[in-house]
Amino acid sequence: MDGGMLGNTTFSGNAMFLQPGHYAYVIMDRAILQNYKEDGPDIMDIVHPAAVFKMLNPVIKKAEENGYEAIITADSVGELAEKLDIPADKLQKTIDDYNSYCDHGQDREFFKNPEYLHKLTGKGGYLVGKFYSGAYGTVGGVKIDEYCQVLDDEDLKTWLFQASTARDQMLTPSTLTATTLPCQAILWALL
């Protein structure tokens, strides 16, 4: 999957769900982390705020102390391969291939945007995030009518309209807010 698409949780969630175990690893080194601290991440939005990277070191330390399996650190490719239960030669080949894409400014395998290609040198050690496919939302929420007008206990309409993700949603692997968006459109039409 094109790493530039990670900000689109529909695509990244589906890609992860198709993997054995339904998870994926994101690997960087401390040099990349330092770059993100100084210049901000490649993908910056409400889900990936720049400030998070500046606060990451104490989180990594605490994760290591508590044996949290979704944050992994290693000083070498061999140690990383052992912790990820990946054959060391295959992990090294993957890193070498990726670094050659960085050297040439073109990802020939996943067609990642060249702006997002950062060579993995291992400088300062490797950092890995283990990510699972997931979504947020409520099943239930407030009771509304077909115009998103909130109903009270006796099904009487109030003057309150609901237009957020905190309502009954239809969730599928590729549709996260299918029933919320029509309600938002209706609300704007009523205003």
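The points below go from the overall fold to single side chains.

1. **Ground rules.** This is a predicted model, in which local features need pLDDT of at least 70 and side-chain atom pairs count only at pLDDT 80 or more, while totals for chains, interfaces and linings use all residues. Residues are numbered from 1 along each chain as its sequence is written, and side-chain values use heavy atoms, with hydrogens and water left out.

2. **Overall layout.** The chain has seven helices and five strands, in the sequence order α-β-α-α-α-β-α-α-β-β-β-α. Helices (H or I, at least four residues) and strands (E, at least two) are DSSP runs, numbered from the N terminus. Of the 191 residues, 29% count as buried; buried means under 20% relative accessible area, exposed over 50%, and partly exposed in between, with a 1.4 Å probe and protein chains only. Among contacts (heavy atoms within 4.5 Å) between residues at least 6 apart in sequence, 55% join residues at least 24 apart.

3. **Strand 3 and its partners.** Please look at strand 3, residues 126–132, where five of the seven residues are buried. Strand 1 (residues 23–29) runs antiparallel to strand 3 and is joined to it by seven bridges, with Val26 standing opposite Gly129. Strand 2 (residues 71–74) also pairs with strand 3 in the antiparallel sense, over four bridges, and here Ile72 has Val128 as its bridge partner. Two strands are taken to pair if DSSP finds at least two bridges between them.

4. **Helix 2.** Which residues of helix 2 are buried? In this helix (residues 30–39), they are Ile32, Leu33, Tyr36 and Lys37. Seen down the axis of helix 2, they fall within an arc of 145 degrees, so they line one face of the helix; the arc is that of the directions from the helix axis to the C-beta atoms. Their packing partners are strand 1, helix 3 (50–54), helix 4 (56–66) and strand 3. Glu38 and Asp39 are exposed on the other side of helix 2.

5. **The two ends of helix 2.** At its start, a side-chain oxygen of Asp29 comes to within 3.1 Å of the backbone nitrogen of Ala31. After the helix comes Gly40, with a positive phi near 85 degrees.

6. **Aromatic rings.** Three aromatic pairs turn up in a search of the whole structure. Rings of Phe, Tyr and Trp (its six-membered ring) pair if their centres lie within 6.5 Å; planes under 30 degrees apart count as stacked, over 60 as edge-to-face and the rest as tilted. Tyr36 and Phe53 form an edge-to-face pair, 5.1 Å centre to centre with 70 degrees between the planes. Tyr36 lies in helix 2 and Phe53 in helix 3, so the pair ties together parts that are 17 residues apart in sequence. Tyr36 is buried at 11% relative accessibility, and Phe53 is buried at 15%. Elsewhere, Tyr23, Tyr25 and Tyr132 form one aromatic cluster.

7. **Thr73.** This residue of strand 2 is buried, with a relative accessible area of 11%. What does the side chain of Thr73 join through a polar contact? The partner is the side chain of Glu64, at 2.2 Å. A polar contact is a pair of N or O atoms within 3.5 Å; within protein, one must be able to donate a hydrogen and the other to accept it, and residues adjacent in sequence count only if both atoms are side-chain atoms. Thr73 and Tyr126 are 53 residues apart in sequence but 5.6 Å apart in space, C-alpha to C-alpha.

8. **Helix 5.** Val77, Leu80, Ala81 and Leu84 are buried in helix 5 (residues 77–84). Within an arc of 100 degrees seen down the axis, these residues line one face of the helix. They pack against strand 1, strand 2, helix 6 and strand 3. Asp85 follows helix 5 and has a positive phi, near 60 degrees.

9. **Asn99.** Finally, Asn99 lies in helix 6 (residues 88–104) and is buried, with a relative accessible area of 9%. Its side chain reaches the backbone nitrogen of Leu120 at 2.7 Å. Not counting residues up to four places away in sequence, Asn99 touches Lys119 and Leu120.
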